[in-house]
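Subject: Structure handover

Hello,

Please find the structure below, with its sequence. My notes on it come after.

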Amino acid sequence: MKYKEKIATEIIRMIEQDLCSISEICKSFKISRKTFYEWKKEKPEFKEAVEEAIDHREDVMIASARIGLKQLLEGYVQKKEKVTYVPDKNDPLNDVEKCRVVEKKFCPPSIRAIKYVLDREERKKDKDRLLASERRPLVIEVQDEETRRQLMILQENGFRPGGSLNPEVVAAVDRKQEEELKVKSEGLEVENGQEQAEQGQVMEQPPVAQPSAAPVEKPKVNLYPFLPPGYTSRTD
C-alpha cells in the first residue's frame, strides 16, 4: 500500500495516546503490519515520529505509575458518589436527579508497595557495592622475591603464560627490579644522612647554664629581747 500522510498522522496520534496496539491500529486503517514496518523503513520522518510517540507514551505511563505508587505509599482518600434519579414529572420519558450522596474513605498505605520500594532500594545498594568491588584494584601479597618476580613477568607479558621464556619480557622485569632497588637504596641514604645530621645538631648544642641561686640572708637573733624596739645595749 502506498504511503499516505493522513493515515501516518493518525497512527502516530493513536500510538502516542496508547489507545491500541500496532496490530489493532493496522486493522483499523486496513493496512498490514508489513506495510507499517515498510513505511518505517522507507520514510525516516515517519520512523522518527513513531519513536517519539512511543517515548512520550512511556514517559506518561511512568509518571502515572509514580503517582499511583506515591498514593499507595502515603495513603489516599477515595471518593464515591451515589446519585439517585427519578422520573421527571413534566417529561416522564426522562429522569432527573433526586439526590447525590458523596462518600469519602481513607485508604491506608499499602504494605506491599512499601516493601517493593524498600526491596528495590536494597537491590540498588547491592548493585552499587558489586560495581565498587569490581572497580577496586586487585592486591596480591607475596612472601618471597622469586614469587614477586614471576608475577611481574606475568604482568609484563599481558597476563599470558610463557613470559619467563621470552628474553625481552625477562629483561624488562630485571630492569624494573634494578630501578626499584636503586630507588630504595637512594631513599635509605637520604634517611641515614638526615639522621646523622640531626644527631650532629644535638651533639653541637652547648649546655645551658643554670642561673646561680641568690644568697639567703639569715635573720639576726635579738640578744636583748627585754629591751624595747629601737633600743640596743651599749656593747652593740
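What follows is a short account of the model, from the chain as a whole down to single residues.

This is a predicted model, in which local features need pLDDT of at least 70 and side-chain atom pairs count only at pLDDT 80 or more, while totals for chains, interfaces and linings use all residues. Residues are numbered from 1 along each chain as its sequence is written, and side-chain values use heavy atoms, with hydrogens and water left out.

The whole chain

The protein chain has seven helices and two strands; helices (H or I, at least four residues) and strands (E, at least two) are DSSP runs, numbered from the N terminus. Read from the N terminus, the order of elements is α-α-α-α-β-β-α-α-α. The chain has 236 residues, and 13% of them count as buried. Here buried means under 20% relative accessible area, exposed means over 50%, and partly exposed is in between (1.4 Å probe, protein chains only). Among contacts between residues at least 6 apart in sequence, 43% join residues at least 24 apart, where contact means heavy atoms within 4.5 Å.

Helix 4 and its partners

Two helix pairs involve helix 4. How are helix 1 and helix 4 placed relative to each other? Helix 1 (residues 5-17) packs against helix 4 (residues 44-74) at an angle of about 20 degrees, and their axes are 8 Å apart. Axes are lines fitted to C-alpha atoms, for helices over the stretch in contact, and angles run from 0 to 180 degrees between N-to-C directions. That angle makes helix 1 roughly parallel to helix 4. Angles under 35 degrees count as roughly parallel, over 145 as roughly antiparallel, 65 to 115 as roughly perpendicular and the rest as oblique. The crossing of helix 1 with helix 4 is right-handed, meaning that the near helix is turned clockwise from the far one by less than a right angle. On the helix 1 side the contact is made by A8, I11, I12, I15 and E16, and on the helix 4 side by F46, A49, V50, A53, I54, H56 and R57. These residues divide into nine nonpolar, one polar and two charged. For that count, Ala, Val, Leu, Ile, Met, Phe, Trp, Tyr, Cys and Pro are nonpolar, Asp, Glu, Lys and Arg are charged, and the others, Gly among them, are polar.

Helix 3 meets helix 4 in another way: their axes come within 5 Å and cross at roughly 110 degrees. The two helices are therefore roughly perpendicular to each other. F36, W39, K40 and E42 of helix 3 make this contact with P44, F46, K47 and V50 of helix 4. The residues divide into five nonpolar, no polar and three charged.

Further along helix 4 is G68, which is partly exposed at 26% relative accessibility. G68 and A113 are 45 residues apart along the chain, and their C-alpha atoms are separated by 10.0 Å.

F29 is partly exposed, with a relative accessible area of 22%. Not counting residues up to four places away in sequence, F29 touches I7, E10, I11 and M14. F29 and I7 are 22 residues apart in sequence, with 7.4 Å between their C-alpha atoms. K30 counts as exposed at 76% relative accessibility. Its phi is near 60 degrees, a positive value in a residue other than glycine. Most residues other than glycine have a negative phi.

The loop between helix 6 and helix 7

Leaving aside neighbours within four places in sequence, N157 is in contact with G162, G163 and V169. F159 is found in this loop as well, and F159 counts as exposed at 61%. F159 has a positive phi of about 60 degrees although it is not a glycine.

Strand 2

C99 lies in strand 2 (residues 95-107) and counts as partly exposed, at 33% relative accessibility. Beyond its neighbours within four places in sequence, C99 is in contact with K82, V83 and T84. The C-alpha atoms of C99 and K82 are 8.3 Å apart, and the two are 17 residues apart in sequence.

Regards
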